[in-house]
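Please take a moment to turn the model over slowly before reading on.

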Amino acid sequence: MSTPLLDIKDYSLDIGTFDGPVHVLKGINLTVNRGDTLGIVGESGSGKTVLVRSVMGIGPKGSEVTQGQITFDGQDITRLTEKAWGNIRGIRISMIFQDPMTYLNPLFTIGQQISDVIAAHQRASGEGVASKSARRARTVELLDQVGMRDPDQLFDQYPHQLSGGMRQRVLIAMALAGKPELLIADEPTTALDVTVQAQVLDLIKSLVEKLNLTVVMISHDIGAIATIATRCAVMYKGEIVEQGATADILGNPQHAYTKQLLAAVPDIEAEPKRVAAAAAEPKTEKPVKLLEAHDLTKIYKSQSGEPFTAVDKVNLSVAKGEIFGVVGESGSGKSTLARMLLRLIEPTSGDIIFDGQNISGLNGEPLRQMRRHMQFVFQNPHSALNGRHTIGDAIGEPLRIQTNMSKRDIEARVEALLDIVQLPRMFKYRYPHELSGGQKQRVCIARAIALNPRLLILDEPTSALDISVQAQVLEFLQQVRAELDLTYVFISHDLAVIRQICDQTIVMKRGQIVEQGDTEKIFLSPAEDYTRALIESGRKTSRAANIGATG
Amino acid sequence: MFGTVIRNIVLAGLLASSVLAAPAQAFERTDNGNVIVFGGRQAIPVLDPHIRYDWSTRMIQQGVYDALVKYEGDPAVVKPWLAEKWETSEDGKTWTFHLVKNAKFHNGDPVTAEAVRYSFERGLKLNKGVAWMLKDFLAPEGVSVVDDYTVKFELKAPYAPFLSFLPWWFVVNPAQVKANEVDGDYGQKWLTDNEAGSGPFKLGRWEPNVLYEVESVADYWKRWPQGENRPAGVIYRIIREPAAQKAALQRGEADIVEGLTSDDYVQIEKVPGIVIQNHKGMTTFGIKFNTQKGPTADINLRKAIAYAMDYDALVGVYNGAASLETSPLPDAMKGHIEVPGIPRKDLAKAKEFLAKSAYPNGGITLDYVHVAGLEEARRIGLVLLDNLKALNIGVNIKPEQWPNMVAAGSKVETSPNMTSVFTTPISTDPDAVAYQYHKNSWGQYYAMAFYDNADVSAMIDKARGSTNWDERAKLYADIQKQIVADQPEVFGMLQNRRWAHQSYLQGFNFSPVRFTGEVDLYPLWIKEE
Amino acid sequence: MLTFTLRKLLTVAGTMLGIAVLTFVITNIAPGDPARLVAGPNATEDMVATIRTEYGLDRPMIEQFAIYMKDLVTGDFGTSIVSTRPVLDELLRYAPATIELVLVAMLLGIFVGVPLGMLSAVYKDGPIDHFTRILSISGVAIPAFWFGILMQLYFSVDLGWLPVSGRLPLVTRPPEFITGSLLIDSLLAGNFKTFNTALSYIILPAIVLSFPCLASILRVNRAEMIEVLQSDYIVAARAHGISSRRIVICYALKNALLPTLAMIGLRFGWMLGSTVLVETVFDWPGIGLYAVSSALASDFKPVIGVTLLIGFLFIITNTLVDLAYAWIDPRLRRA
Amino acid sequence: MSNIEQTATRPLSFRERNASQIRQMRLYAHMFRGSFSSMLGLTLVVVFLILAAIGPYIVPYPEDTRGAVHMAARLLPPSAEHWFGTDEMGADIFSRVIAGARTSLWIGIVITGLGALIGVPLGIIAGYKGGLLRACIMRVTELFLAVPGLALALAIVASLGPGLTNCMIALAIVWWPGYVRLVEAKTLSVKEELFVESARSIGAKTPWILWHHILPNCMSPIIVKMSMDMGMAILAAAGLGFIGLGAPPPAPEWGAMVSVARSYMPDWWWYSFFPGAAIFLTVLGFNLLGDGLRDILDPRSRTR
């Protein structure tokens, strides 16, 4: 066997912080041969991004390699000078980035940016820079290769004129411009909508095959890794806990963490337990309607003055005690709908009826009173908590606003709530930034249930969390619902999650409901293409994980 | 990587600096001869001789216009100018002036009796600037043309100081003015930046607020005293900062400057090639009390303050270039006497008077108002503050803009306890100062004391109507003594007039009746080595 | 486009009107009596009254205001009571000097500030960075008038390199009045000697005026450069093998220039205001000096005029900055 | 996550309860100490504050700070007796410069305080409320901002008459719009934060949200701006003093001292040099301090 293209040996890296050095990478060993496709799976904070960036020589500031080395094509690149990097970075090793929005310079045209990369490559390889028109031709060719329609016209467009998927394709084109020997893909699909994710993954897969690329791809999405990579490594807390052929790892995980990770992926195929339970226990009483919406519409005015209909004549009805799912991609209007139900956004027209009372006309004090009964859990727990307030303040805030409880009573209630959400009581003195994402979301839930509401609207409560945490939070949510007799409106883009917990579901697309009804029915026999596409994208991840679960 | 960039920046910087070193100039040489550069701090907003006058304006007015007579010398004497001689009637009400025959305006028109008449009519009818000097005694119709070169003034009442004001009534060319009249404005608009005079200079470059240039008239009707050496012109250049003025003088960018600080004059005197003109002036300084209202209405308090004042410090403020007032009238004025017993520092006496006052232990704070930006007045305020600590009287120094200060001082109710006022008499006649203490002057800035002594007012009226000098001299002596006795103000000092100029500048001719800073441009010339 | 322009014009007109009202109100709180000042020290009460009537100062404030506003609409800024000339004429005479000074200072600020900011961002925490940091903080902290005097004394008095004050030597005839800017006019007339002389006169006041501006441009540009250099797309550009030189000069600078532009717009207005101090120190016959001398004489029509003019220039500059923004940033082009 | 320790039976000590704040402060202190210029700024400001507090009691010639006149000792150069020399009235410049710290501090506090007091509430209201109210507030603000502050302040002081109080009033009048704009912009962004929506969803009233959520999150830039503005206000007041509209004598105000002293350049350089240098160092101190605070308080530049 010839020398491996990339060889990482016992590589450890520290980042200096105020509290002392943090061991970000601990004794990493990885080998990538030419033609390999290696996937690295890990959740946030596992160090996978730091690892691949070190390979590119763009590691974090203040970092220090404590031991080991990285060898690229026989050359030690652990501590290269900036000048020496000039002939490797972008030329022989190239990278596809995570968020296509921020990785393109907004002030330059697509064509300019790609042809600059081409020029840089030509300069580095000593070929001499080709003429402008030659580079343009090559750029157009590249854009064509990544499946862009009308590449010639695209050349003169700016990043903001493109959709997220298109931008990701542009980034891929840029990465390929230098004909790299090693391509690193850093969560290339994470920031995209699920349906687009599938397309981009397919594109990468086809390119890998067509151009015979050597790829290292990192992702938290097991499905994505399974699609692309033949080999796979699992990272956890700066270490590689397991590596081998993808099928082996997924099919027969050895390490406890890998097992846990795979188990946490919601299984879109599994029949939820509640279906069986519901079948066993036939409905005795007619469900009481807790929340209804009639012809709910929200029209925004865009900056140019054109009206934009975010939510279009939505009707829904949530029964008491059920979990009502709303599913759709970003921009489908599901968040706007959720906020309108709580009157956080004024509907343009339509009625909201809560517990028999029309609340769309309420204002001032009655509306405030109404808020005691309906609460909202936000998508991003990191920004839903005021960074200047302690956890105790945050949980106690609804009590201080809505009740006349004494300070001492509030203290006691806050501690009780912390118990309910299974957080240590001393957390009330902590600040949000000291908590993990899952802990923060628990705080948000504690805050939401502080006033004993009857309805919780959960806006993608788990999408900002890691998969393993997501599973915990979902389970916890169901627990709480049972304990406190709550009704949920649950919003998600992830059909697997929806299927697991929701009784009724609506599928939204561009502000309209395209499908609604019993969750199982929708899942098993989707009527719309859109729903099918959503389900299909969910299947990919799920199936990959299922190799492990079933095998 | 950025080596080239840095090098380019440095090179550009060096290049720029080498181009810019400009040589220092001496006086300005032009094809027509030397141009004298005068650095002054004050602008000349309006040149019209009947609208405005202040020292800088009048200096140029004096250059481009002629009057019937002119002040010259120290002590100042009225000399014939456009008028070669004149006579007065017995009753002192009719004055007849005979004009020189060769005087002509810059456009070639002869200066006739009609021009004189028109000028006086214009000055009186516009009722601005110089009008106050004569308007109570002379109606526009009172001036008549006898023949082409004889003009007659008929006053409403005998007015002894009449002649002493005439040097400031300049003669304009009626033909030019009328030609540029707009809406019957007597050519006001036009004369703002133009001249219609017969003086030794005519206007050159005129950049308001920057510099004003006058060019000498080669065939000036009265000839040039310096003959062939007459300058090609004078540039009056505004240099507002004393430091910049001094720098300009030292660099040779200015030939003569005014308005340096006292200490600068002392310093710069030692510089070779620079001459200091230091002359006793006529500008009196007084700290006017409000004699009608507030604590200072109490004469004993006023006396106490006057005796507490450190008069040496007043002279010290000027580095010795000042002399103490010995009377309300300046020394150079006719009829001046040294009033015996005028207060000098005497703390015992001060305390004695204070004991007699309503505030035997002091414990009050008095306002001292001065014109904002007037350095000496500010410093005298500090001296006052320091001195009155001995009487346990506090001083609140308040700088005010001149218009605000005058507005406040025009009424008894709003006039401050103490106001520092510099007054330059407009003529050498004692009436010019004495009348400030007349009750009719209330409301004027120099009458902020609201001094009210019926006897003094009566004596002033009598003196200004009399044509007999001996009688007037006696009256003025009494007036001076009485005013000092009533102490409406702290009689301060007469500051010296000072200029600094290059030693090659010749022909400097001082006259105390001119304003601070004002120089007679006519006899100046540059002696080239 | 037409409605956009119209709306913009209306906003400008509204702001100008607002400034006029604001300054008129502010300048008329005072008890000062400019008529008495110009009447002269010895003027009698009726002489002062003559002047008051002539300038309408005897009328009620509301009426004066109405008259002023009416005249203003027709482009008449009133008459200066001190100089007896129309304020508009004087503004037109003094404004070119100020604009020339401010523009030269601005250019100096931009062409020194931007490269220095860039350098110190690239060599962050290096010697250049420390130097520019001191420079930039000093620039903002230094009292302009004090600095001006120090510069005058050193470069003009001690070294004798540069003239003390003014715009031109006394006998140098200024070039024919075309734009009012001596530098441009002398170039138009092909008179390079006058150009050099005028340049030597403008250099000190321009440096003093531009120092704070240079400092803040430097500071903003440095901070923005640092931020941009850490941004994802620069990381991406580096990862794609684009040379550091090209990244800094071409990619990052353009992005960092946007906030710098905003700062330039802000600083332009600020400099117009500081001319009040700098023109006083350097005897620069511009609107700043005009405003100071008028304000000290309680002659308020010129003060209002200058304020309006400065406000107008400021708004114009910021409109230009907006345009430049749109020119640089494609995201704004279609808004 | 399942086994959570429930140890909080005993009341926690202060140190434990505020552990996170203490850590935050220590982190701030650490970052601040790491920056030379921030420490220099802090030192300058602390020296300035000490001088403002005790200056009048420690100066060698306390009389001179209240307008004593020593005509015999005029314009003496710096010496052991008079460290900074004497002025044109023979007063000790060292004493007056030290005593001037208090005047300057007062100027800075009043102007920035008034500016913030007017500007911050208006900015928060404008940013949070929107609509007509915001349009009105922002119009007026823009109006003030369209005229450079110094020019406007000049007009105001010229109209009110010179003097320290008028000077401070004038500067406060031109100072508040800066806060409105800063706070409005910050409020606009904070109001979009989820936690504000979250507070609304639990039924918080507007004043509660403004006070508990918006204001605390606007504090960092306000603190930074105020510390910078302390210096800038002192500088602006000195500028007005230079034109001759500042503090009247005998108040030892630096701007007024430079204003008088400019006539005594260059031969009596010390007279203008030391007060000018005092202004410079003070403004420099506040600027560096503000810069340092920005580095640690502003999340944009926060690296850890």
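In this predicted model, 45 residues of chain C are in contact with 42 residues of chain D, and together the two chains bury about 3600 Å², of which 79% lies on carbon and sulfur atoms. Across this interface there are two salt bridges, one of which joins the side chains of D:D291 and C:R133 at 3.5 Å, N to O. Two residue pairs are in polar contact between chain C and chain D. On the side of chain C that touches chain D, the helices that each supply at least two residues include helix 1 (2–27), helix 6 (127–141) and helix 11 (244–282), and it is helix 11 of chain C that gives the largest share, nine residues.

Within chain A, strand 11 (residues 289–301) and strand 14 (residues 349–354) pair in the antiparallel sense over five bridges, and A:H294 stands opposite A:D351 of strand 14. Strand 14 of chain A is also joined by two bridges to strand 15 (residues 357–358), again in an antiparallel arrangement, with A:I353 having A:N358 as its bridge partner. Strands 14 and 15 of chain A form a hairpin with two residues between them, and in the turn A:D355 has a positive phi of about 50°.

Side chains of opposite charge can pair when their charged atoms come close. Over all chains the count comes to 66 salt bridges, among them that of B:R58 with B:E518, whose closest N and O atoms are 3.3 Å apart. Because B:R58 lies in helix 2 (residues 55–64) of chain B and B:E518 in the loop between strand 21 (505–506) and strand 22 (525–526) of chain B, this pair ties together parts that are 460 residues apart in sequence. Both B:R58 and B:E518 are buried, and both belong to a network of salt bridges that also includes B:K70 and B:D520.

A further salt bridge links B:R378 and D:E88, with the closest N and O atoms 2.3 Å apart. This pair crosses between chains, from helix 13 (residues 375–388) of chain B to the loop between helix 3 (36–58) and helix 4 (93–129) of chain D. B:R378 counts as buried because its relative accessibility is 11%, under the 20% cut-off, and D:E88, at 1%, counts as buried too.

Conventions
Residues numbered from 1 in each chain as written. Chains lettered and ligands numbered in written order. Predicted model: local features only at pLDDT ≥ 70, side-chain atom pairs only at ≥ 80, totals over all residues. Heavy atoms only, no water. Contact = heavy atoms within 4.5 Å. Buried area = accessible area lost by both parts, 1.4 Å probe. Salt bridge = Lys/Arg side-chain N within 4 Å of Asp/Glu carboxyl O. Polar contact = N/O pair within 3.5 Å; in protein donor to acceptor, adjacent residues only side chain to side chain. Helix = DSSP H or I, 4+ residues; strand = E, 2+ residues; numbered from the N terminus. Pairing = 2+ DSSP bridges. Buried < 20%, exposed > 50% of the residue type's maximum accessible area, 1.4 Å probe, protein only.
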